[in-house]
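Subject: Structure for you to look at

Hello,

Please open the structure below and keep it in view while you read the rest of this email. My notes on it follow.

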Amino acid sequence: MQQKIIILDFGSQTTQLIGRRLRDLDTFCEILPYNKFPYDDPDVIGVILSGSPFSVYDPEAFKVDLSGIRGKYPILGICYGAQYMAHTMGGKVAPAGTREYGRANLQSFEKDNPLFKGFEPNSQVWMSHGDTIVALPDNFRCIASTDKVQYAAYQAEGEKLWGVQFHPEAFHSVQGTQLLKNFAVDICGGKQDWSAASFVESTVAQLKEELGNDRVILGLSGGVDSSVAAVLLNKAIGHNLTCIFVDHGLLRKDEFENVMKDYECLGLNVIGVNAHEKFFRELAGVSEPEKKRKIIGKGFIDVFDAEAQKITDARWLAQGTIYPDRIESLNITGKVIKSHHNVGGLPEKMNLRLCEPLKWLFKDEVRRVGRQMGMPDHLINRHPFPGPGLAVRILGDITPEKVRVLQEADDIFIRGLREWIDTDGVSLYDKVWQAGVILLPVQSVGVMGDERTYEKAVALRAVTSTDAMSADWAHLPYEFLAKVSNEIISHVKGVNRVTYDISSKPPATIEWE
Ligand code: XMP
């Protein structure tokens with residue numbers, strides 16, 4: 001029994017942010033495609049309609065019948081959500097002339113409206129819209145205006161139905177989170193009771209009930225998500241969980257051994273599989289990034305499958321899928337556009353049911369859950385690392401020697417980040433979202449002692465981010481970069497030049513391939 005606000009997604013890029021803001025308030029919510037409202041879910045307490053890239057007049061615009069929702073739950077329409085309700089309930093929406101984008105101020109608003117509780121005069125909001133509401137439906141009342149937008153917010157008379165033209169979820173809507181809290185907590189009656197402890201308690205109970213005495217297998221990657229999923233399942237079903245950790249030979253230096261030790265300390269039942277030879281053999285001579293990814297993806301499934309087949313009575317495949325993976329995987333028509341399952345295809349092939357205990361959590365919530373269960377910080381705070389590992393950080397073809405060179409350079413960089421403690425007591429490692437070294441397919445001239453060298457160049461990459469959707473290059477101290485560069489050139493045979501990548505995402509990406 002988990003009360004929830006449903007966010008119906010009409011395709012806006014900021015829909016996920018609405019969910020994020022509600023979770024920050026410790027209020028539970030689900031983001032669903034605009035036409036997938038869960039009419040039979042008794043735990044729904046309110047509905048938010050998101051923005052959209054479309055105008056209500058676009059032939060492709062997403063349309064949905066709200067008659068089963070209106071009057072039954074409090075509703076808040078945001079941008080397109082507000083326009084759509086105004087348009088379909090008897091008002092009028094028209095192009096705004098020029099697209100209004102940026103900061104605006106609520107010059108007037110209804111101070112005693114529960115949606116605006118706690119709002120300061122002239123509260124700053126963020127606008128981003130091409131259409132605007134020019135007439136409200138008959139029984140609707142304007143409750144806020146800016147200098148350019150007359151109907152910046154409205155409410156239906158006598159109903160718990162609101163629309164706002166601005167984006168309360170945007171960072172620049174200064175009291176936007178307050179507005180979402182007013183809606184979710186005061187108006188809908190949502191409890192702010194999401195905590196890692198309550199999540200662990202209720203999920204372990206649910207898993208016990210659902211899995212009973214069944215055997216479950218889980219693919220571990222060494223990353224945070226699959227590790228937290230494993231510990232949670234271990235708490236629920238103990239040794240009925242078997243974890244499989246495939247080492248494709250493209251992990252960081254000593255990572256397989258270190259992570260295996262961590263897993264053992266956590267009491268997990270783990271089978272470690274060394275499959276270096278298979279992966280190196282299949283990758284030999286392949287330079288094209290997507291081809292490398294495919295070979296690794298398929299190789300991983302083959303190895304995992306062979307191990308999993310040995311556990312003949314397994315009934316479930318567990319995965320550390322988290323919420324953003326699933327949101328990215330589903331477009332709003334409900335079709336899968338990108339599969340995030342790293343063992344995709346296996347559950348059907350092996351006749352297994354899928355168990356994804358973290359599927360509602362954002363990354364930082366997963367970390368909170370891991371901490372709550374006593375997992376060590378170095379495991380919880382690990383940087384994200386791509387599934388194909390160093391293969392996508394070696395530009396061009398892959399050889400064991402190139403992997404060795406990259407592992408050495410990467411180890412110096414990552415160790416350096418961990419050891420460099422800033423004046424505020426936080427390590428550079430903990431300050432950046434993710435870091436790594438890229439081996440470039442470039443040789444350049446250098447001089448070492450009396451000799452000219454002609455060796456490889458590497459690029460250091462470190463970024464700050466909150467979700468990997470966008471990222472900035474980390475402004476690491478020059479002294480630190482100098483130290484790492486010296487250390488790499490003096491200790492890693494085969495490298496005579498170090499560069500630092502100062503591209504942000506977009507337009508670049510975090511990885512180079
Ligand atoms: P990009 O390079 O697209 O990366 O900015 C965003 C995040 O995704 C990770 N990444 C991958 N993870 N398989 C994965 O499991 C992949 O093929 C892959 N490519 C990128 C990347 O490390 C970053 O965290």
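Cys79 sits in the loop between strand S4 (75-78) and helix H2 (80-88); helices (H or I, at least four residues) and strands (E, at least two) are DSSP runs, numbered from the N terminus. The phi angle of Cys79 is near 55 degrees, a positive value in a residue other than glycine. Cys79 counts as buried, because its relative accessibility is 6%. Buried means under 20% relative accessible area, exposed over 50%, and partly exposed in between (1.4 Å probe, protein chains only).

Before going on, note that this is a predicted model, in which local features need pLDDT of at least 70 and side-chain atom pairs count only at pLDDT 80 or more, while totals for chains, interfaces and linings use all residues. Residues are numbered from 1 along each chain as its sequence is written, and side-chain values use heavy atoms, with hydrogens and water left out.

Asp254 also has a positive phi, about 60 degrees, although it is not a glycine. Asp254 belongs to the loop between strand S12 (241-247) and helix H6 (255-265). With a relative accessibility of 44%, Asp254 counts as partly exposed.

Lys72 is in the loop between strand S3 (44-49) and S4. Lys72 is exposed, with a relative accessible area of 53%.

Next, helix H15. Which residues of H15 are buried? They are Phe480, Leu481, Val484, Ser485 and Ile488. These lie on the same side of H15 because they cover an arc of only 125 degrees around the axis, the arc being that of the directions from the helix axis to the C-beta atoms. The face turned away from the buried side carries the exposed residues Tyr478, Glu479, Asn486, Ser490 and His491. The cover over the buried residues includes helix H13 (400-419), helix H14 (428-431), strand S17 (451-464) and strand S19 (495-500); contact here means heavy atoms within 4.5 Å.

The segment after S19 holds Pro506 and Pro507. A cis peptide bond joins Lys505 and Pro506, with omega about -15 degrees. The bond from Pro506 to Pro507 is cis as well, and its omega is near 10 degrees.

Glu513 is in the segment after S19 too. Its side chain makes a polar contact of 3.0 Å with the side chain of Lys292. A polar contact is a pair of N or O atoms within 3.5 Å; within protein, one must be able to donate a hydrogen and the other to accept it, and residues adjacent in sequence count only if both atoms are side-chain atoms.

What surrounds the ligand? The residues are Arg293, Pro384, Pro386, Gly387, Pro388, Gln434, Lys505, Thr509, Ile510 and Glu511, each with a heavy atom within 4 Å of it. An oxygen atom of the ligand is 2.7 Å from an N or O atom in the side chain of Lys505. A backbone N or O atom of Gly387 lies 2.9 Å from a ligand oxygen, and a polar backbone atom of Ile510 lies 2.8 Å from a ligand oxygen. Taken alone the ligand exposes 490 Å², of which the protein buries 68% (Shrake-Rupley method, 1.4 Å probe).

Regards
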